[in-house]
Amino acid sequence: MTFPCSPSLGGAVHRPQSDWRRGCFRIDPGAVSVHHVATDSSDLRARLDRATAHLDPPYAVVDLRAFDANAAALASRAAGKPVRVASKSIRCRTLISRALTAPGWAGVLTFTLPEALWLVRCGVTDDAVVAYPTADRAALAELAGDPTLAAAVTLMVDDTAQLDLVDAVSAPGQRPELRVCLDLDASWRPLGGRLHVGVRRSPVHDPRAAGALAAAVAARPGFRLVGLMAYEAQIAGLGDAPPGRAVLGAAIRLAQRGSYRELLARRSAAVAAVREHAELEFVNGGGTGSVAATSADPAVTEVTAGSGLYGPTLFDAYRAWRPTPAAYFACSVVRRPAPGYATVLGAGWIASGPAQRSRLPRPILPAGLQLVDAEGAGEVQTPLTGRAAGSLRVATGSGSGTPRPVNSPSTSTSCIWWRPTPLGRPPPRTGARDGRFFETDPPAPRLTHPDRCGWSGWVGADQAGWATSTGRSTP
């Protein structure tokens, strides 16, 4: 494999005239210099096995050089606007910190309020926006009781009932002013609203509703409106080139073009309506699949990305940009139910969204394996078939079938390697054992206790440039 030495973040992006025939946005390839990590299956297998020779599956690894290349590419696509890291897609504190040290990255979009409080207390960030409304009273009390946290964390709201809950936990006169961001629904509703394209997220959809909610927040003591977020899931999270489905891909691209044009006008009007009542610090939008297009919207001041740092299989179906695969996980072969089949323990780490094959992890090494249609990827076990399945053996992956002694180095036949889609689940699932997490940090492993958010404590770069999470380790 070849790796970048110092990815360049320069480049020119044509804005705001999108070229949807070639993807979300048109980038001048002569003006953008982003190094990519090449992949070769045999070399990749050797590197993966060397990095995990001291471990028994299950475990997950991240190629840090590919991770850094993806961070550089995403920042380049943002064309000068800050990229906020989505913690729900990373689930690893140290890798979030690593992304934040890269040029062009700033702030965290967190999954929950307890997570935001933890990341601030750990010193990972002093700018945490909670992506979803919260009903966690204990976390709200903690936020309201600490001026430092209140200054660093921004709550998400789309209804005054969420403000009422905060006031019920801590009255306005008894707490610091709390930061608030409005969640504008970015779905597309053509045909007079009879068709809904996108996720069902916020009840605040049109500029008038956004302005009304902004006025209500501004009138409430103890709150300060600082931001607006509009996540266009139907563009950012939907691949426009599904393999083997050309007609569907054309339909998706057509819908995305229409949605993008409508959202450009509506988001701009909503921002103007909100700014009549508050001075906004940020307007957030987008995700990995729409970084270039969303950053071209003049109303947007920052974009969000997360999964693209790992390069999961979900983004293999995008034409505009495909990240370099950086994340992998491994499972052991534990049984041979029939000739031509082998079963691994676990592997059922699926992506959110509709229950379909694109949300399933993909076995990649050894080559020639595939999921069984009738079973898919299971929570406790996953059968595999294909040309390579017949040579797999219990406890060794393939070859002689002689079990590997405990604590002995693994070999290239010790496990089945997978690419996730995306990697939200494998870190905690592979990092936990007996309610504890392991954090590897050079020069020696360190046993850590679980954090309150249930995160994996995995990560730390070894000299080969890998970060590793494992459920089996020696304290």
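Alanine 347 is buried, its relative accessible area being 0%, where buried denotes under 20% relative accessible area, exposed over 50%, and partly exposed the range in between (1.4 Å probe, protein chains only). The model is a predicted one, in which local features require pLDDT of at least 70 and side-chain atom pairs count only at pLDDT 80 or more, whereas totals for chains, interfaces and linings use all residues. Residues are numbered from 1 along each chain as its sequence is written, and side-chain values use heavy atoms, with hydrogens and water left out.

Although alanine 347 is not a glycine, its phi is positive, at about 90 degrees. The residue belongs to the loop between β12 (342-345) and β13; helices (H or I, at least four residues) and strands (E, at least two) are DSSP runs, numbered from the N terminus.

A positive phi, near 55 degrees, is also found at arginine 91, again a residue other than glycine. Arginine 91 is placed in the loop that separates α3 (87-90) from α4 (93-100). With a relative accessibility of 9%, arginine 91 counts as buried.

The bond from proline 57 to proline 58 is cis, with omega near 10 degrees. Proline 58 sits in the loop between α1 (41-51) and β1 (59-63).

The peptide bond from leucine 365 to proline 366 is likewise cis, and its omega is near 0 degrees. Proline 366 occupies the loop between β13 (362-365) and β14 (370-371).
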